[in-house]
Amino acid sequence: MTIVVTDARIKTLLHTPTRVSLRPRYEGSNICTWIGFKHDNYLVEEAVLEHFRAAGLSSRVLYEELGLGLDFAELDVRILSSLHLDDLVTADVEPVSKDGDALLFRVTLNVDRDGASVKAVTGRARVVLRIDTTFPAEPVPEQLRPFAVERIATSEPGAHVTPTAPEPLSDGHGTTGPDPVLSLLTEGKNAFGWKWRIPYPYCHFTERLQMSGYLRQMEEVVDLFLADRGLSIKTLLDDRKWIPACSHSKIRILDEALMEEDLYVVYTVEEIFKDFLYRSRFDTYVVREGRLVQTATGQVTHGYAVIDSRTDWHLVNFDEPVLRALRGEPAVGA
């Protein structure tokens, strides 16, 4: 039986704040018991998904009964205080407004520290309801029609990139050695790029890369970039007990990337703030009909922390070798 989308359900979805208790997943505890930025984003996602459940419009109901895929089209998350394994997080979700065909939510994650509530994470989430095309379309209820889209895409400048190469680009399948697409995307920039085939575990609704897949790619490309610059995470852990510490990340989906397409991921260092933080841009592309199409863009800000004990760490300043590596400059004496 198809769900009835009532005004009460829509009121909860669009106007009623919700609260839920969550815990970080065990997978996110990679260094001691601190939770990495990807799983802070996952908590924001889960809080919004719970908000939809509270309105009686869970992602399962939306898809199975109404043919609508709930897609996170943008996440913007700031980490104010580190979360740890087993923390009980109080997540508050506040519907903010409508943004064209999207729903906007503000999310705050609080955690208890020595009997006081501490704001650990703040985030903004942009959600669209993607009309499913893998089966015959269902009629979209009138109340949800403003948020239902036939494709996740944007007309903002930069969504489509026309390459300057004189010949159409190959689709990249089976190439070995230097990749001409990556060379085009990184030339003359303080950037690192790699090509990656989108596997089905990173996708959802049978066809497209989901937001959590982009978060995993952002985490992966940072790891590869640092290794490429001689700053591999294990090397700095072994030599100095240093770990990357993320304070801010955001990703916006510009177009859909599909299962088994080749995704070109470009990580560009944009700015180094004194010797304490550096901000990088994250861009992804696919090649269709010989032309580049940008599928996502974002930013991530990192510093370095030194591990003091199994429970404590503190931020440190970059030294000259680290600064030179981040700038893309050769090491002294190289």
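## Close-up views of a predicted model

**View 1. The loop that holds glutamate 260.** Glutamate 260 is found in the loop that runs between β13 (242–253) and β14 (262–273), shown here, as in every view, in a predicted model. Phi of glutamate 260 is near 75 degrees, a positive value in a residue that is not glycine. With a relative accessible area of 44%, glutamate 260 is partly exposed.

**View 2. The loop that holds cysteine 32.** Cysteine 32 lies between β2 (29–31) and β3 (34–35), in the loop that joins these strands. Although cysteine 32 is not a glycine, its phi is positive, at about 50 degrees. Its relative accessible area of 33% places cysteine 32 among the partly exposed residues.

**View 3. Cysteine 32 and cysteine 246.** The closest cysteine sulfur to that of cysteine 246 is in turn the one in cysteine 32. A disulfide requires the sulfur atoms to lie within 2.5 Å, and by this rule the count of disulfides comes to zero. Cysteine 246 counts as buried, at 15% relative accessibility, whereas cysteine 32 is partly exposed, at 33%.

**View 4. The largest pocket and its lining.** The largest pocket holds about 840 Å³ of space. It is lined by 33 residues, of which Gly36, Phe37, Pro244, Ala245 and Cys246 are the closest to its centre. At least two lining residues come from each of β2, β3, α2 (37–54), α5 (211–228), β13, β16 (291–307) and β17 (313–316), so that both helices and strands contribute to the lining of this pocket. By class, the lining of the largest pocket comprises 18 nonpolar, eight polar and seven charged residues.

**View 5. The second largest pocket and its lining.** For the second largest pocket the volume is about 490 Å³. Tyr42, Glu45, Glu46, Leu49 and Gln210 are the closest to its centre among the 20 residues that line this pocket. The elements that each supply at least two residues of this lining are α2, β4 (68–79) and α5, and the most is given by α2, with six residues. Nine nonpolar, four polar and seven charged residues make up the lining of the second largest pocket. Helices α2 and α5 also each supply at least two residues to the lining of the largest pocket.

Key
Residues numbered from 1 in each chain as written. Predicted model: local features only at pLDDT ≥ 70, side-chain atom pairs only at ≥ 80, totals over all residues. Heavy atoms only, no water. Helix = DSSP H or I, 4+ residues; strand = E, 2+ residues; numbered from the N terminus. Buried < 20%, exposed > 50% of the residue type's maximum accessible area, 1.4 Å probe, protein only. 1 Å grid on protein atoms, 1.4 Å probe; cavity = no way out; pocket = protein on both sides within 12 Å on 5 of 7 lines; lining within 4 Å. Points joined across faces, edges and corners; volume = space filled by probe spheres on them. Nonpolar A, V, L, I, M, F, W, Y, C, P; charged D, E, K, R; others polar.
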